[in-house]
Amino acid sequence: MIKYIGSKRSLVPWILNVVTTISRISQTKTVADLFSGSARVSHALKSRGFYVIANDFYHYAFTIAKALVEADQREYPEERLNPILERLSHLPPKRGWFTKAYCEEARFFQAKNGERIEAIREHIEEHYADDPTLKAILLTSLILAADKVDSTTGVQMAYLKDWAPRSYNDLRLEYPPLLPGPGMALLGDAIEIAEQVEADILYLDPPYNQHSYLGNYHIWETIVLWDNPKTYGVVKKREDVKHRKSPFNSRRLAKEALSRLLSRARAPHIVLSFNNEGFFTAQEIESLLKEWGYVVRLSRKHKRYIGAVIGIYNPRGEKVGATSHTENTEFLFVATHSHKVYEEFAPFSERIVAQPSLF
């Protein structure tokens, strides 16, 4: 999976246990992840046998979900994909607008890798556009490969002043971690999608501060759209970063947005992930959810995103500050229409744990 701010990598077992417990009690098997991001949670849920509907507002996230959630490994096995990846890997490099923008004017990738990204991406567009699922799988392989040779602290708000050691490695396409079985990927606003999908459990992990995911991962969006966008600033952000905003990135709008989403939810169970650095307090979220059903708040200590440990850099890659803390409190709110589910979780409510446990 790509490096992703807000990633739930170390929290996935906790989330899976909570969702699996709800499923066991209520005999449910469909989960809708309305802010799927890197698809880490959706992918893990599918691996547990759930039918997963993964939605996101950005094309790169939709593409990753189409590969890791919607695609059926049995239709796109390694023996079918590896020859294609091998051919893509041996294309002659190509220097064009992408290399110029993201390797020379901004230094996110070494030119040798930027030129290979450019050649591979052009070939995918020319030869695989007629199979949207295959195209998504190949693009996901490219993004995963590019993520391993970038020169950032994990977000594309800045690149490092000196090249990261990994940036000297050669780009390497690999078969992505596809899973057998069906799933669904959607591209849309979570508030609108909430009333369109029918699922047993809604998993909600909304943005929690003013930094948009499009701004943090604008290069992945550009690789997927391949639209040679107008850019601005030192890091060559897409112009649409300025206006493709989510209300969840606004302190003024986020509470109303969450309230509207909950009012449209059609599932009998909700699992909402948040932490103590977000726009809302735990009490505010709990209050919103209590209007919807029974609520339990589960908490645990968690190391912050790796960028917080590395430090604060300006867009030119110069370190300009240190972070004040490296740990926060993660919350999982279980809201349910089932008193039986509520009773299962209630004994664990508001108990903050430092080490992994069931709840």
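Does Glu-198 count as buried or exposed, and at what relative accessibility? At 59% relative accessibility, Glu-198 counts as exposed; here exposed means over 50% relative accessible area, buried under 20%, and partly exposed in between, with a 1.4 Å probe and protein chains only.

The model is predicted, so local features need pLDDT of at least 70 and side-chain atom pairs count only at pLDDT 80 or more, while totals for chains, interfaces and linings use all residues. Residues are numbered from 1 along each chain as its sequence is written, and side-chain values use heavy atoms, with hydrogens and water left out.

**Overall composition**

The protein has 14 helices and 12 strands. Helices (H or I, at least four residues) and strands (E, at least two) are DSSP runs, numbered from the N terminus. Of the 359 residues in the protein, 58% are buried. Among contacts (heavy atoms within 4.5 Å) with a separation of 6 or more, residues 24 or more positions apart account for 78%.

**Salt bridges**

A salt bridge is a side-chain nitrogen of Lys or Arg within 4 Å of a carboxyl oxygen of Asp or Glu. By this rule the count comes to 24.

| Pair | Closest N to O |
|---|---|
| Lys-112 and Asp-170 | 2.8 Å |
| Glu-195 and Arg-264 | 3.5 Å |

Lys-112 forms its salt bridge with Asp-170. Because Lys-112 lies in helix α6 (residues 111–127) and Asp-170 in the loop between α7 (132–147) and β3 (184–187), the pair ties together parts that are 58 residues apart in sequence. Lys-112 is partly exposed, at a relative accessible area of 37%, whereas Asp-170 is exposed, at 53%.

Glu-195 and Arg-264 form another salt bridge. This pair links distant parts of the chain, 69 residues apart: Glu-195 belongs to the loop between α8 (190–194) and β4 (201–204), and Arg-264 to helix α11 (residues 254–264). Glu-195 is partly exposed at 41% relative accessibility, and Arg-264 is partly exposed at 27%.

Arg-266 lies in the loop between α11 and β7 (269–275) and Glu-198 in the loop between α8 and β4, so the pair ties together parts that are 68 residues apart in sequence. Arg-266 is partly exposed, with a relative accessible area of 43%.

**Helices α5 and α6**

In helix α5 (residues 97–105), the buried residues are Phe-98, Thr-99, Ala-101, Tyr-102 and Cys-103. The buried residues of α5 pack against α6, α10 (218–225) and β5 (231–232). The axes of α5 and α10 come within 12 Å and cross at roughly 175°. That makes α5 roughly antiparallel to α10, a term for angles over 145 degrees. Axes are lines fitted to C-alpha atoms, for helices over the stretch in contact, and angles run from 0 to 180 degrees between N-to-C directions. Trp-97, Phe-98 and Tyr-102 in α5 meet His-218, Ile-219, Thr-222 and Ile-223 in α10. The residues of this contact divide into 5 nonpolar, 2 polar and no charged. Ala, Val, Leu, Ile, Met, Phe, Trp, Tyr, Cys and Pro count as nonpolar, Asp, Glu, Lys and Arg as charged, and the others, Gly among them, as polar.

Buried residues in α6 include Arg-116, Glu-118, Arg-121 and Glu-122. The buried residues of α6 pack against α4 (78–89), α5, α7 and α10.

Conventions: Angles under 35 degrees count as roughly parallel, over 145 as roughly antiparallel, 65 to 115 as roughly perpendicular and the rest as oblique.
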